[in-house]
Amino acid sequence: MLDPDISTADALALLQVAETDPHALDRRRFLQLVGLGLGAGALVGPTSSLLDLSLPGLDPSVWAAGPAGPNDGVLIVIGMFGGNDGLNTVVPITDQQYYGQHRNLAIRPENTLPIDASTGLNPELTVFKQFWDAGQLAIVEGIGYPDPDLSHFNSMAKWMAGSPTGIPTSGWIGRWLDRYIGGGKDLYAAAEIGQSVPLHMIGQAQRGTAVPAGRPAFGASTSASDRNIYQGMRRLGAGDPMTWKGRIGQAMIDQLDMAGTLAPLIPAEADMSGVPLVAEMEVMARLVNANLGLRVLSASWGDFDSHAGQPAQHTSRMSELNAAVSRFFQVLSPAWASRVTIMTFSEFGRTSWSNDGAGTDHGTAAPHFVLGANVRGGRYGQRPSLAGLRRWDRMPFHVDFRDYYGSLIDGWMGGGASDVLGGRAVQNLGLFARSPGTVPPLPPGGRATATPTTTPFAPTAPGRFVSLAPQRVCDTRNGIGAQLAPIGPGQTLAVQIAGLAGVPASGVLGVAVNVTSVNPSEPGFFSVFPSNVAATGSSSLNTVPGRAVPNMAIVGVGPDGKIGVFNAVGSADCIVDVMGYVSAGPGSGLLPLVPSRLLDTRTGVGAPLARLRGGQRLDLAIAGLGGVPASGVDAVVLNVAALRPSVSGFLSVWPSGMALPDVSNLNYDPDRNVPNLVVCKLGPDGAVSLLANAGELDVIADVVGCFTSDGVSQVSVAPTRLLDTRHGIGARPGLIGAASEIDLGVVGIAGVDPAAKAVILNVTATGAIAETYVTVYPDGVGRPDASSLNVAQGATIANLVVAKVGANGKVRLYNDAGGLHLLADVTGYFI
Amino acid sequence: MPAPALTDSNLRHLLRRTEFVDRPSRVTELIGAGSIDAAVANILAVTANPPSVTFTSPADREWERGQDLTHFWLDQMARDSARPFQERMAFFWHGHFCSEFSKVNSSKYMAEQIDLWRRVGLGNIRSLATTMSTQVAMIRYLDNNQNKKTSPNQNFARELMELFLLGVGNYTEADVEAATLAWTGHSDQWDDNTAAYRWKADWHDSSQKTLLGRQINGNSSQAAWPGHGPETISVMLGNGIVPQGADNVANRGRPSRDVAAEFLSRKLWTSFATDTPPPPGVMAAMRDALLANDFNVRPWVTAMLTHPDFYTDGVKQGLVRTPVELVVALLVATGQRSRDANMTWLMESMGQRLLFPPNVSGWRPNGYWVNASAMGGRARTAQHMSGVAGRHYWNGDDGRITLAGGSIMRSEITARTPWPEERPVLSNAALVARFLELMRVQLSPAATAEIVRYADGATVWERNNALLLIMLAPEMHMA
């Protein structure tokens, strides 16, 4: 819980790269990305700003590091300060000694996330469990060092130095940096996200840079008057770098350089999570994406020193860790997945015996995590035995931390471990399945499994939408287009799309389907995705026993013309109806609209003021209303909700003038309001028809977009979670209260193009403390009288939302009453 | 070795290190004192009863009361204390015997602890440590309120030896265990609303123990004895011996009081002089002062401040102002009260918040503060403070910039003749000189020249940013 920062003299030479450098292209592109807001460093002396340079051929981005090459691994280091309780992180669920010694702190097996017969993860570590299931989490157990020191100070210095003995004057990553950089100083090969540079990032000649965890609040302005001030600061800052006064000046200049480069890359603090580690790892992901040349990024936090009150304290830490790693992978561009590995460390573990303050004391050996797409998942090292440990005894260690570090340096960071670690003959634990940048092959048959994305699913090329007469392509209850059996737990149903129901056999990039879960045996969820991607911890609809639950999905289609429907738990039947597809060839584009109410049987908008009766068709005019053009409209995107139905039933929506097709768009039940997004081709008269099959109910419909010949094209991305207010992902953690809203950044993230006009979000509400509705609309406009999601008290319900993107690249999510949690997964966008 | 001379340079250096700033009034007052020794004696002549904070925020608003305490203490440092060294020394103790406000969770008891440093900070280290150990703030911060004989909690006893008095490696785990048990019983009262200190006799282990080679609680027929914990401090600073099993080989067998005197002296040097180890001369003087005076603070501090080793160029150029010290210097230069300046929210971005040491080992010197992101925090703070000074600048005819020595009116800086042109009245050099004069700050000619050069290149309205550049000059960030 400290930074034993020992400073070293800075080397001031800059990297120079010849024009013929193969990486130069990346730098020029980088220049374009960040415009002219670049700092100059000491390229031509302290007094000139790069902005003033007009010498041709001079490459301003020379000041940043060489961009990381396609086979240069990036290491993310997470420090847990205070001593993490390894026993409650990787729980030995069959060890009676653990339960006897950890006593009131021990976590029951049924409360862990089991990963093998003798091991469960702390229940907060859900994303770690996903990586385990994908074979991409390595757990190295029993890491420590000989003659362990129980002082935070000393033990952390040893871990950071990468040496159990001797006076710690440099750190292991710093010494790696010394070898990597060679003769030049590079501000950005290694960065600590935080206020000061810790020892592990300080080498004998080089050191990492401290990058703030937020947009720089000073030094990023481009106004002439501010640039003059910065110029004055640069002059004042010139001084002998061997003196403290000179170092202060140099640090001020560095800060100006850094602010100019980072300001365009990093969101404002208000746009990131309020949990510091989560924001720090978001910043890390953005820095990696910007390809500034960073090879090591480090952040640390605490407090793990739980001498008392451990349960709440440790749970918070684990929750923060999980949220931070989740957020990192959400923001990280998929192209980097095979080039990034995350590792953890801490100065020690904790005692196996708890004390009476519901805490533990400083320990010794502990497990740590290494995770990433190219990690060879599994357990490494050896679990320390607790047998015979008395009250003040500590666990033996089995893996020297030098071998842990060495395995990372040799396995991921280009080698040289022995030099970095004092000449030790490092025992490589073999933590990696592939070298950085190597992409794993698809499993045989191309069938997706329930794991995080193993292959980076690149966004599809933009496609045009072709709406169809709605048609059923899959029904597991009667064997249409699929097995005649429910989808089992953890199973994925491959559903053929291309070649059926009017969808061509080839040239199909994506599809708009309505998926319905029927007769699920347990509450859980479906996830719908292209067949060549694994489930990513996003969900498409939440299953509820005793109800049929529908939801639309607009997803990419795999190269085999199929989509996958993954069922998480229990067994459930599945129905899939196709509404249209996204074509590589000609078709329509989306005109996104601010939601506008076109139908409300409660107030007589769009239909007579009367409840809709079962069997009574309602024709709804669309063209020319709510922002929809009067002609040339191919299909409409409506959010339809059934309110206060009298019995269970379903609603169908189809182009008016056609016979009623055998499809359902919305299933309703007597005690609640149910919404669903509907994409429906318009009839020749510019209208759609609605029919409920039973009972009587009120119906509302909000138009959110329509497809026309010159609207924007659709791109599918790997489904990725952007928002989870339970865990502080995408917004501060906590319920969204009554009449409250949050802003969500939806572009420039997860593969969504910054210029996207609309995004396709699956929005899930959970934990609602009262019946309410949610409205999603673009930021920068007044909130429309429309709803995107109706939520019953205590329900978990999802709806697909096609949200027009606001002026600042955001959408707003508004909650009307009570309080609830919201999650949002992006599956595509329109551009 | 000759005593350091009472030169202007030496006196200003001494004042900057002890009173945060070399106030011209103090320079004038002390330049005729006759000797550095006399000047030091004057600086150390603190009041016996400094005032305590008066909380203006409501009783149940702990966070806001913490702000009250912060503003109060910063004002004491900057303007309200006649002898600011009292506050500077208290700040040293705050960064050494650390407790942190959010864990202590009580403005009343945090204030109690800070007042201990202010009242007794120049008293005796043994009594300082003993009193601190039985106050609620420290008891809570290091979990001694969980320390009972049936389930000992080592946190406090370990840090008492490792970070507070002896230094790591100068004791064994057995000593930690013994000290832990000796300190059982000192707790706070949770089950009524007072949360006051409470002695819990049934938690106490009064058995005989061995600490640093000495038997403590020799008369173990005594029932639960509150003095048993303080006895450990007496041993550490008294007749303890560093055991043969201690990690620090060089100190094995040495008296623990010698080791403690050296450990504490290195810490004092780091806070007041520079971050490299004290040279043997001043080190011996400090250590001997502690040992000869039974750990009284006054002779110890005097030994350091009067020693020639304190006045070398290496020391004069060797210490970066911590964020707190910088804020105090800016408050003094602008003549603002802390609450009016309202800059405490910026301190976290500089890396230091008063009352919130990041962990039990406190803050670190020099390099800890000098990195790009912390410098960004300083730049924002300077920007804020220069804005505070100039907040009345646009008030029509009454526009002014307010600094410590008075105001400079807008009409002295620019004039509108002939209307509507705005032209400078004071030249750039004169303007910068006036700012420095009113701030009562001296800058080197080189830095001054650069700031004038900025003004030369700026528009007539932008020249006032010279004030900001003065605050950003690296010299302003040196202690």
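## Polar and charged contacts between the chains

Across the interface of chain A and chain B in this predicted model, the rule finds one residue pair in polar contact, with both residues at pLDDT 80 or more. Helix H4 (152-161), strand S7 (209-211), helix H6 (224-237) and helix H7 (244-262) of chain A each supply at least two residues of the side of chain A that touches chain B. Among these elements, H7(A) gives the most to that side, with 10 residues, and the residues of the side of chain A that touches chain B divide into 20 nonpolar, 17 polar and 12 charged.

The count of salt bridges between chain A and chain B is one, and a salt bridge between the chains is formed by A:Lys245 with B:Glu475, whose closest N and O atoms are 3.5 Å apart. This pair qualifies because the cut-off for a salt bridge is a side-chain nitrogen of Lys or Arg within 4 Å of a carboxyl oxygen of Asp or Glu.

## Extent of the interface

The size of an interface is often given as the accessible area lost when the parts come together. For chain A and chain B, the area buried between them is about 4,400 Å², with 64% of it on carbon and sulfur atoms. In chain A, the residues that lose the most area to chain B are A:Gln195, A:Leu236 and A:Trp244, which together account for 17% of what that side buries. Counted by residues, the contact takes 49 from chain A and 54 from chain B.

Strands of a sheet pair through backbone hydrogen bonds, either parallel or antiparallel.

The bridge partner of A:Ala758 in S35(A) is A:Lys804.

S2(A) pairs with strand S4 (residues 119-121) of chain A in the antiparallel sense over two bridges, and the bridge partner of A:Val91 in S4(A) is A:Gly120.

## Salt bridges and backbone details

Over all chains, the structure holds 60 salt bridges. One of the salt bridges joins the side chains of A:Glu282 and A:Arg286, at 2.9 Å from N to O. Both A:Glu282 and A:Arg286 lie in helix H8 (residues 276-289) of chain A, where they are four residues apart, about one turn of the helix.

Most residues other than glycine have a negative phi, and most peptide bonds are trans. A cis peptide bond, however, joins A:Gly302 and A:Asp303, with omega about 15 degrees, and A:Asp303 is placed in the loop between strand S8 (296-301) and helix H9 (310-331) of chain A. In chain B, B:Leu212 has a positive phi of about 50 degrees although it is not a glycine, and B:Leu212 lies in the loop between strand S3 (209-211) and strand S4 (214-216) of chain B.

How values were computed:
Residues numbered from 1 in each chain as written. Chains lettered and ligands numbered in written order. Predicted model: local features only at pLDDT ≥ 70, side-chain atom pairs only at ≥ 80, totals over all residues. Heavy atoms only, no water. Contact = heavy atoms within 4.5 Å. Buried area = accessible area lost by both parts, 1.4 Å probe. Polar contact = N/O pair within 3.5 Å; in protein donor to acceptor, adjacent residues only side chain to side chain. Nonpolar A, V, L, I, M, F, W, Y, C, P; charged D, E, K, R; others polar. Pairing = 2+ DSSP bridges.
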